[in-house]
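Hello,

Here is the structure for your files, with the sequence alongside. Notes on what turned up follow below it.

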Amino acid sequence: MKIEKLDGSIFKVTYGMPQNPIEVVQKFHANDVKDFYCAQENNMLIVKDKEILITQRSEDFKNGIFSVDFSCKEAHFFGFGEKMGYLDKRGRNFKMINSDFPLHTPDLDPMYISIPFFIAIIGKSAIGIFVDSTSYSFFNLREDGFTLSARDEGITMYFIYGPDVKNVISTFTGIVGRMEMPPAWAIGYQQSRWSYSKDEAIEVAKKMRQKDIPCDVIYLDIDYMDGYRVFTWKNDFENGFSDQLHNMGFKLVTIVDPGVKIDQNYDIYRSAKSIDGFVKDKEGNDFTGYVWPGRCNFPDFLRSDVREWWARSHRALFEKGVDGIWNDMNEPAIVWTDSKTKKVSELFKREIDFQILGEAKSLFSQDDAGDEAFHKDDSGKIWPHYKVRNIYAYLEAMSTKRAFEIHKPGKRPFILTRSGFAGIQKYAAVWTGDNSSWWEHLEIEMPISMGLGLSGVAFTGADVGGFGGDANGELLARWMEMGSFFPFFRNHSAIGTARQEPWSFGEKIEEIAKKYIKLRYALFPYIYTAFYFAHKEGIPIIKPLFMLDQNNKDLYSINDEFVFGDSILVAPVTRPNTTWRTVYIPKDKWIDMRNGNIYEGDHVYKIDAPLEEIPIFVKDGSIIFKTDPLNYIFEREKMNLYVDVYGNSAIGYLYEDDGETLGYKDGQYNLYEFAIGSAVDGYTIGIKRLHNGYSGRYDNVKVKFLNAPRMITKIRLNGKEVENHFEGKDLVIEFQMKDVI
Ligand code: MIG
């Protein structure tokens with residue numbers, strides 16, 4: 001065992017001789033933490049602070065798997081990236097190997113994404129543990145200990161000290177990387193379906209505008225391609241197609257699957273062959289798997305020349321006006337392989353053709369390509385697929401980001417991915433794959449996305465309305481309400497299922513969907529600022545309630561409420577035929593955003609929730625920044641800013657930039673601090689520019705002191721008294737941003 005102190009809050013511990021094809025860990029913070037240390041005693045690791053005592057019990061190398069077993073005081077476990085089930089993972093066993101299993105039952109494991117990272121809360125302290133292995137890894141989580149294993153000759157671990165959860169996430173994302181600012185349009189509402197034809201896509205876009213339903217993005221699923229050949233178009237997608245969408249203010253995102261059809265007449269296949277760019281089988285031939293296009297070969301993304309070729313191949317999409325890329329099937333999902341055909345033929349003692357393989361499919365697990373396929377790194381070293389599988393999608397996303405650099409220089413990339421690894425947030429947003437139109441899935445999307453956030457992936461969301469199965473009006477209404485408070489907000493559904501665009505279930509449901517999409521757009525300034533903090537500090541955009549008070553163990557099991565940004569508590573309705581729910585209001589005071597009712601915290605209330613309302617609460621002492629709802633995010637050059645003040649003293653931050661270029665990296669952005677205080681006879685408001693680097697989009701500003709006492713008559717803005725008036729119960733001041741800053 002080797003222990004390295006990387007700084008006061010991170011220790012790296014290496015057992016044996018781990019072999020990994022890439023390093024995801026990049027750089028380190030330098031803040032020193034007292035009380036925390038990792039050391040070796042009697043040849044065993046101990047990890048310790050005032051609260052935590054983790055002691056190694058054994059290490060073991062058997063059947064190609066290296067394991068280390070630890071014991072500790074009563075622990076709760078959170079994170080592990082994308083996992084089914086509730087937030088607290090105590091008592092569970094996980095396998096990390098990227099897989100496409102479309103039926104998401106409560107105990108399904110593994111999933112599409114592997115993030116071998118978790119946060120243990122022991123006593124009052126939180127510690128992050130990252131198993132830095134791209135190979136298969138395994139986690140066994142018990143009340144009084146845990147076992148970590150990897151299919152490797154050794155294992156590298158990082159112990160990341162909190163002691164609070166926020167610090168752990170921030171430090172972890174500090175070493176594996178944080179998200180960049182997405183293009184602002186990617187925060188808007190997005191509409192997808194497997195598969196809009198050209199005409200349907202245009203029709204859906206037009207309908208959004210006719211019906212005054214804000215929407216920024218239309219997706220094309222696999223049927224836009226010519227015979228599912230990646231980087232091709234069916235010929236009815238003529239050049240004007242994307243212009244039509246763009247003219248209505250929409251962006252266009254197209255799906256990209258990694259399997260390349262074996263077809264001598266197909267230029268992408270030929271160009272891949274010319275660099276010998278495919279993953280190999282045992283004999284050194286191109287590994288073959290069956291996916292949508294039929295028999296395919298798979299780009300070896302471990303090689304930088306292959307990543308460059310793949311990036312350049314995106315030209316076929318970008319030259320037709322595509323704005324964003326959706327990476328699917330990138331676990332990679334392979335429906336079948338040639339070698340399975342051979343095995344099945346032997347088993348049934350007859351020739352088997354691909355068509356009837358459905359019956360035999362369950363005989364094999366999908367990751368058994370692990371020992372049959374081989375990758376090569378830039379130095380020429382060969383790696384078995386099982387060592388590379390978990391980073392296949394990560395490397396594809398890296399290459400896709402490069403595609404934007406080449407074809408859309410200066411523009412922010414938008415990449416949506418299904419699969420990934422620790423650090424995937426540097427390249428892509430994540431959606432949680434093939435959920436179903438079930439109430440149970442509406443509910444489970446909360447802990448799944450919160451788990452991803454705790455693991456460093458802030459930009460996440462689920463197929464709103466559910467992917468598989470038929471949605472109904474009530475389910476869609478409830479899911480649209482909840483989805484409008486997820487970082488990524490896209491309605492998507494499978495081929496053959498009931499349509500679920502906002503208008504699919506009649507006027508009443510359409511009105512509800514519209515109301516919440518509009519609220520999302522109104523909240524854009526607030527949401528965009530939450531994205532900025534995810535970019536800057538790695539802080540999740542939707543947070544579990546225990547992040548507000550990690551010592552309160554009752555909060556560990558609240559899976560059906562979340563905090564959106566810093567100040568909005570969301571409590572979705574997750575059951576049919578229900579018009580109220582119980583809501584746990586966290587400590588301090590929270591204000592019902594719908595009606596101004598005030599609730600004292602650390603208490604459970606019965607809250608009304610008719611079908612057209614989702615319970616949402618704002619923390620007393622917060623400022624919520626809003627604008628006018630727009631048809632699409634950047635419909636207007638200049639926007640009004642509404643500043644809603646909750647409580648007598650409050651503080652809030654507002655971030656803005658141009659929303660599309662990389663200028664923010666060179667300081668082209670504004671960050672404002674708004675501070676509200678009360679004096680004997682009135683309120684004070686101080687506005688400071690913490691950073692000044694962008695001309696700014698907000699011009700008229702309207703500050704509302706919500707439910708202000710009638711006797712308040714004076715408001716001082718940056719020290720000067722300003723005119724004010726009541727609008728209903730709210731005291732209002734109005735000014736121009738340029739006059740103040
Ligand atoms: O085998 O492209 O998760 O969103 O619509 C299914 C078709 C392949 C799975 C994705 C889903 C997408 C679908 N894809």
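Cys38 is buried in this predicted model, with a relative accessible area of 9%. Cys72 is buried as well, its relative accessible area being 10%. Neither residue is in a disulfide: from Cys38, the nearest cysteine sulfur is that of Cys72, 14 Å away, and from Cys72 the nearest is that of Cys38, again at 14 Å.

Next, the domains. The chain is divided into domain 1, residues 2-176, and domain 2, residues 636-740. Taken over C-alpha atoms, the centres of domain 1 and domain 2 are 43 Å apart.

The largest nonpolar core here has 211 residues. The residues with the most contacts inside this core are Phe414, Phe485, Phe546, Phe562, Phe564, Ile568 and Phe674. Domain 1 and domain 2 each supply at least three residues to the core.

Which residues does Phe414 touch, leaving out those up to four places away in sequence? Among them are Pro183, Trp185, Ala186, Tyr219, Val253, Phe404, Phe459 and Phe488. Gln190 and Gly324 are also touched by Phe414.

Regards

Conventions:
Residues are numbered from 1 along each chain as its sequence is written. This is a predicted model: local features need pLDDT of at least 70, side-chain atom pairs count only at pLDDT 80 or more; totals for chains, interfaces and linings use all residues. Side-chain values use heavy atoms; hydrogens and water are left out. A disulfide is a pair of cysteine sulfur atoms within 2.5 Å. Buried means under 20% relative accessible area, exposed over 50%, partly exposed in between (1.4 Å probe, protein chains only). A nonpolar core is a set of buried Ala, Val, Leu, Ile, Met, Phe, Trp, Tyr and Cys residues joined through side-chain atoms within 4.5 Å. Domain bounds come from an automatic or database domain assignment. Contact means heavy atoms within 4.5 Å.
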